[in-house]
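Here's a quick briefing to read with the model open in your viewer. Let's get one working term out of the way, then go through the contacts, sheets and cores.

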Amino acid sequence: MGGGTLIRGLMSVGAAMLLLVMPSVASEADVTASAELVTPIDIVGEGDLSFGTLAVPRSGTCVYDVTAMGGSVLSGGAECQFLAGQILQAEFSVACEADALVTYEVIYTNSAPSGATFSAPSNPMAIDGFAASGALQTRACDADGLSDVNAGGRLTVTPSAPSSFTGQVGTIRLEAQYE
Amino acid sequence: MDRKFSYIGLAAAAALIGQQALAQSATVDASANVVATAPPMGLSTLSNVSFGTVTIPSDASEFCTYFLTVDDTDPALSWPVNANGFNVPHPQVGFSEADVIINGAWYNDNSGGSYDPPHESCAFIDPPSYGEIDVDCPADAPFSLTATATQDGGALYNGISFQVPGQDAVLSVSSCDGSRNLIVGGRLEVAGTATPYTGSVGTYTIEAIYD
């Protein structure tokens, strides 16, 4: 019994020494944490695009463009006409970090009736009043932290389009992220 | 324990930065009102209206009104039809001395009676001629023609007034599938104070629109 007690005592001592040794071999390293804190981008669709009232041709194809600056351009025969109604480009408001580079992209989805197709025109997007350019652009956020993005649209109408249709022909989605 | 919390804090911060890198988006609709329409009409002038040579009233206090009326039985589109609302049954040729108003009094021979104006001071000397306009109307659809007269300033100053016969300024056409000729008349009022004049007395502007 007496020997057994001695052995347990030694083991206890060993364990205690081990605990004392461990802290003496630990090392430390520092890391630097960095972050760029920016204003979250917030996009609001401010206005829908509208083509107004358009004529369906009896023959040929009419291509109706609403430009990013709000103008109207048509190509096709004499039957192609913007007949009436307001012609409006799409409008987005983008809250972003002032002067930070932001990549914008407009994405078009067609939902026009058969015989008509909604798509992007050439140079579909204008940012903060600069000349309209491509569907994917990188530009500094406006100095006031609020950039205005306008988008145009194209409606191609063929004789097989419905003789009378009023409604949605598509959607325009604007995506934005910091560069 | 403090260091562990510190690491957790860094991880959270990194996650927040990662969120901001995600693209944000918004969507707007595009709408249109698409309608089938009749193809556009075209108008082209074939000849101008000419009143020829007319007389100036001999009495400075008088007015002569010269009508170029058009018979509505003409197979061509005739307009103005029955100028000023009067029944003027002149086949094909709708102008004559009979269609003269002197000082507001209408003198004509449509009653079958004799034509006897009070004097000879108002007369067509050389024959007038109608204006003619080609109306290209490819759709078989009703349309309306509207005329607006613009008087020549010089002629008006000289006591010569060119007008669209009032109530006939709008002509409705039931259908026109192809091309029709529009015959155009007019009305010219000449004051006794007018001096001899040769030239334009005004302009017709004619607008065609589908009803």
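Two strands count as paired when DSSP finds at least two bridges between them. Helices (H or I, at least four residues) and strands (E, at least two) are DSSP runs, numbered from the N terminus. Keep in mind that this is a predicted model: local features need pLDDT of at least 70, side-chain atom pairs count only at pLDDT 80 or more, and totals for chains, interfaces and linings use all residues. Residues are numbered from 1 along each chain as its sequence is written, while chains are lettered from A and ligands numbered from 1 in the order in which they are written.

**A hairpin and its sheet in chain A**

- S3(A) and S4(A) make a hairpin with five residues between them, and in its turn Gly70(A) has a positive phi of about 95°.
- The two strands, S3(A) and S4 (residues 72–75) of chain A, are antiparallel and share four bridges.
- Within that pairing, Tyr64(A) has Leu74(A) as its bridge partner, and Asp65(A) has Val73(A).
- S3(A) is also joined by five bridges to S12 (residues 153–157) of chain A, again antiparallel; here Asp65(A) sits opposite Arg154(A).
- Put together, you get an open sheet of four strands in the order S4-S3-S12-S8 (chain A), with antiparallel pairing.
- S4 and S8 (116–119) of chain A are the edge strands, each pairing on one side only.
- The twist in this sheet averages 15° from one strand to the next (axes are lines fitted to C-alpha atoms, for helices over the stretch in contact, and angles run from 0 to 180 degrees between N-to-C directions).
- Why is S3(A) (residues 62–66) largely enclosed by the rest of the structure? Four of its five residues are buried, where buried means 20 or more other C-beta atoms within 10 Å of a residue's own, exposed means 12 or fewer, and partly exposed is in between, with C-beta atoms placed from the backbone.

**A sheet that takes in both chains**

- There's also an open sheet of six strands, ordered S5(A)-S2(A)-S1(B)-S13(A)-S7(A)-S10(A), with mixed pairing.
- S5 (82–84) and S10 of chain A are at the edges with a single partner strand each, so one side of each has no neighbour in the sheet.
- In this sheet the twist averages 35° from one strand to the next.
- S2 (residues 49–56) of chain A runs parallel to S1(B), and six bridges join them; Leu49(A) has Ala30(B) as its bridge partner there.
- S2(A) pairs with S5(A) in the antiparallel sense over two bridges, with Leu54(A) opposite Phe82(A).

**The contact between the chains**

- How many residues does the contact take from chain B and from chain A? There are 23 residues from chain B and 50 residues from chain A, with two residues in contact if their C-beta atoms, placed from the backbone, lie within 7 Å.
- On the chain B side, the elements giving two or more residues are helix H1 (2–21) and strand S1 (24–36).
- S1(B) gives the most to that side, with 13 residues.
- The chain B side divides into 15 nonpolar, seven polar and one charged (Ala, Val, Leu, Ile, Met, Phe, Trp, Tyr, Cys and Pro count as nonpolar, Asp, Glu, Lys and Arg as charged, and the others, Gly among them, as polar).

**Nonpolar cores**

- A nonpolar core is a set of buried Ala, Val, Leu, Ile, Met, Phe, Trp, Tyr and Cys residues joined through C-beta atoms within 7 Å.
- The largest one has 42 residues, and Met125(A), Ala151(A), Leu155(A), Val157(A) and Leu174(A) have the most contacts inside it.
- Strand S13 (residues 164–178) of chain A gives the most to this core, with six residues.
- Leaving out residues up to four places away in sequence, Val157(A) touches several residues, including Leu54(A), Cys62(A), Tyr64(A) and, from the other chain, Val34(B).
- A second, separate core has 24 residues, among them Phe51(B), Cys137(B), Ile160(B) and Ala194(B).

**Chain B overall, and one loop in chain A**

- Chain B has two helices and 15 strands, and 26% of its 211 residues count as buried.
- Ala131(A) is in the loop between S9 (125–127) and S10 (136–140) of chain A, and counts as exposed because it has 9 C-beta neighbours inside 10 Å.
- Ala131(A) and Ala68(A) are 63 residues apart in sequence and 8.9 Å apart in space, C-alpha to C-alpha.
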